[in-house]
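Q: Hi, I have a structure here that I'd like to go through with you piece by piece. Could you help me make sense of it?

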Amino acid sequence: MLPNTDQRIIDGQVFKTGRHPADECEVAGLLALNLASKEPIIPVGGGTQLYLGNPPLGPGSLLHLTELNRVVAHEADDLLVTVQAGCPLSALQAELAKARQWIPVDLSADSQATIGGLIAANAYGPLRMKYGRLRDYILGMRVVQADGTITKAGGRVVKNVTGYDLCRLYAGSLGWLGVFTEFHLKTLPMPEVHKDLWILGSDLRRLQECGQRVLDEGLDPSGLILARDGAGFLLAARFAGNPATVDWQLTRICDWIAESPGIRAERPSPEQADGRWQEAVNIACSEAADGREQLLVKIVAPYGQAPELVKEAEDFGVRAGLTVHWSCYAGAHVLWIRMDRGDGDSRPDADIVSSWLQQLRRQLRGIRGEMVLHQAPLSVKHSVEVWGVEGKPLELMQEIKRRLDPRGILNPGRFVGRN
Amino acid sequence: MNEQVLKELRQVLGERHVLTEREDLLVYECDAVTYHRQVPEAVVFPADVGQVARVVRILDQAGIPFVPRGAGTGLSGGSMATPGSVLVEMSRMTWIGEPDRENRFIAAGPGVVNLHLSQAVQHLKLHFAPDPSSQMASTLGGNIAENAGGPHCLKYGTTTNHVLALEVVLPDGTVTDIGSPWGDPAGLDLVGIFVGSEGTFGVVTRATLRLTPVPQAVKTLLLGFEQLEDASRAVSRIIGEGIIPAALEMIDQLGIEAVEKSVYAAGYPRDVAAVLLVELDGLPAGLETLLARIEDIGRENHASVIRQARDEEERQKLWAGRKKAFGAMGKLAPDLIVQDATVPRSKLPAILREIYRISRHYDVPTANVFHAGDGNLHPLLLYDRRDAAMVERVIQASGEILRACLAQGGTLSGEHGIGIDKLAYMDLVFSPEDLEVMRRVRQVFNARDLCNPGKVLPTGAHCFDYKANQDLRPRVSGH
């Protein structure tokens, strides 16, 4: 259910609910009309990640894409689907499933998140390890520019070097470069089966090494999750494909686990497996929390550093009086850390939190890693810039923004460099 | 060319790394599309990123256009000189870094030959997956510029899926790092927009690339069909069943004739309309089932030949035939135009019929050797450039084939790039507004338009002046 309000408050700024255009022409018309007033506009789908970004510079309007919600055409023989940006991912997957196809992304089962929003926010789950990001499935797209000009990029085919790869520029641009209206996406056949294997133990480093061994032995997991499991830890490995290949891999891993003291393997039922997988994915999804103010940090660092980083985060949590939850997408080099106040009344000092985050970001930079602050109290966001991009790359991004949206209408202030 | 500028270049690089004598420059007058030629003003050979940056700065300050170049194997004129330009040839930058085995990436210089990179990591059972047919000669910088494909990109993706980070010299001489070895940097995807920009956004000086495990098992199957329709239908059936082979290539009868006449003779059957080369790879368990299913599909579509490569040697032979096919065309005619348009897979039967019709209509022998699995066609138009009337017919046939591909929902280039070769067709694919967005992005990187000008985007203001190079050949893109 969409929140039925006349406005959304984003980091203290009011965004009027704005219009719900019925089609691309209306989207274009609205943007063209808006040129005169230059009112800031945030394109929004299901609104599940509106919190993402630096604080807005001022109030504005939301531009809802939820009426553009159709699967326009599914050409199963060509592994191609044309879908409007406001179509919920769940609806898209349901349609594709009729022909036993899918877009290989495992995100929160939240049914409101739209394909356009997920692409704009660069959202993904642990399956990114094998399948890549959503941008790897965009063959072509239609984008309305900030001034209302309707444009397209890419095409309808998987091999395409016809002009610049604008689709890759648009993906992950957080509504900053244009309003997405439609995509041509590549689909994949659904795997015949998928099965998870759980490896449990009390030593996080050992489990991390198990995950590395799965990769080093040339096995082919579609995803690997490292997570807490009660007092111990869990490595969940998902294998997909034809039954013979999947079973061979599971057996092989179980064989060498049997010979390793201190860790044990379990084969969960499909329900248990899917449930646990979803739990790990939900750590990264703010909507899954009960709305308390929290920190949600995405750390990009080599998988081998996960145990140290987890310990650092948990130690900080103890010092700051915060409860820490985390989930590591092994092989994708991503560690999600969520911290909230737990049951305590005392609010952690914003300065303490900010200075820890700054130090973490500096530390990660040294290994070409990153810290992206997905969610934080406003006071923290004022001190710690969300994205952490700097130098010449930031300049290039800002210049691209200036040329495509010279009036700074689309989602201003929220993306890199507080632009 | 400006003597002062030459002097500065010689100071930076050393005398022997700056070519200015005409007989030296002639070697560089084209890439693999011999149809377009332009002799550069000079060719320079920088050794490292510092020299690249200084060279670019000198040329930028002097307002002299420059063109980055790898091995010159491109098929759209992308690394061909533009009038008055200097070629910045990257072949000295052939270093390969230490592979990060755990995290599966490696850094290397832009002048490294594609195949050499895979060879350098094969002892770790890893390889660089993009395998363009030119891989024995083409360089990483060129692969990145063109978002190179190859037969195995059907399963593994194109070059853009394997580039994690780049160090580039921007057209004003600034050196910068974009991307991240961990694969998902915050902000806009600068690496994503740079790959496939055909050398118009700057010069790559270091590439951090994803390494892929070498598959544990490979099965290669040759299927021969007496009817072309049956071969096309088999392609659709394979994909339609949810099987994504590692590669799925088609070679038609004329293509087979050329290959079998050449040193790359692979033992392809002669009495068929086309062969399919299907490769499956992965863990051994389960491969046999997939292979059997493909053989069934072959039979269901009246395959007259079904043959599995018995060993690695035979497999290499079958692939050499395919990968060297373009060169083998030399056995049939002295000149060749190869196109690269891509269509949705389901349109293959229709577009192949159309290509043969156009070939007959213009009396231009046309072979088809291509990536059937992803709809990336390669019609090979054979001709003799000494026959002016034939050249004219080839131009017409070429244009008609491109238009036919677009009419089937396809695009101009699947992997060779636009370069200058397909400039004239860009406005059949994109509106002026679409092109304007691309222009604006290009201006961010290439504000003065000195870096490989006149490539990829039609300039609109003026056409590329072919007459300047004294070559009387007509322009291929006919307008």
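This is a predicted model: local features need pLDDT of at least 70, side-chain atom pairs count only at pLDDT 80 or more; totals for chains, interfaces and linings use all residues.

Q: Okay, and what sits at the N-terminal end of H3(B)?
A: B:Asp48 caps that end, with a side-chain oxygen placed 3.1 Å from the backbone nitrogen of B:Gly50.

Q: How far apart are the end C-alpha atoms of H3(B), and what span should its residues have?
A: The helix runs over residues 49–62, and at 1.5 Å a residue its 14 residues should span 20 Å; the end C-alpha atoms are 20 Å apart, so the two values agree.

Q: Which residues of H3(B) are buried?
A: The buried ones are B:Gln51, B:Val52, B:Ala53, B:Val55, B:Val56, B:Ile58, B:Leu59 and B:Asp60.

Q: Then what about B:Lys125, what is its phi?
A: B:Lys125 has a phi near 60°, which is a positive value in a residue other than glycine. You will find B:Lys125 in the loop between helix H4 (114–121) and strand S6 (126–127) of chain B.

Q: Is B:Lys125 buried or exposed?
A: B:Lys125 is exposed, because its relative accessible area is 63% and the cut-off for exposed is over 50%.

Q: And A:Asn411, what is its phi and where does it lie?
A: Phi of A:Asn411 is near 45°, again a positive value in a residue other than glycine, and A:Asn411 lies in the segment after helix H12 (391–404) of chain A. With a relative accessible area of 3%, A:Asn411 is buried.

Q: Switching to strands now, how many residues of S6 in chain A are buried?
A: Five of the five residues of strand S6 (residues 80–84) are buried, so this strand is largely enclosed by the rest of the structure.

Q: Which residues are on which side of S6(A)?
A: On one side are A:Leu80, A:Thr82 and A:Gln84, and on the other are A:Val81 and A:Val83, so both faces are covered by buried residues.

Q: Which strands does S6(A) pair with?
A: S6(A) pairs in the antiparallel sense with strand S5 (residues 71–75) over four bridges, and also in the antiparallel sense with strand S10 (residues 179–186) over five bridges. A:Ala73 stands opposite A:Thr82 in S6(A), while the bridge partner of A:Leu80 in S10(A) is A:Lys186.

Q: How many residues are between S5(A) and S6(A)?
A: There are four residues between them, the two strands form a hairpin, and A:Leu79 in the turn has a positive phi of about 50°.

Q: Is A:Tyr137 buried or exposed?
A: A:Tyr137 is buried, with a relative accessible area of 6%, and its place is the loop between helix H4 (128–131) and strand S8 (138–144) of chain A.

Key. Residues are numbered from 1 along each chain as its sequence is written. Chains are lettered from A and ligands numbered from 1 in the order in which they are written. Side-chain values use heavy atoms; hydrogens and water are left out. Buried means under 20% relative accessible area, exposed over 50%, partly exposed in between (1.4 Å probe, protein chains only). Two strands pair if DSSP finds at least two bridges between them. The expected span of a helix is 1.5 Å times one less than its number of residues. A polar contact is a pair of N or O atoms within 3.5 Å; within protein, one must be able to donate a hydrogen and the other to accept it, and residues adjacent in sequence count only if both atoms are side-chain atoms.
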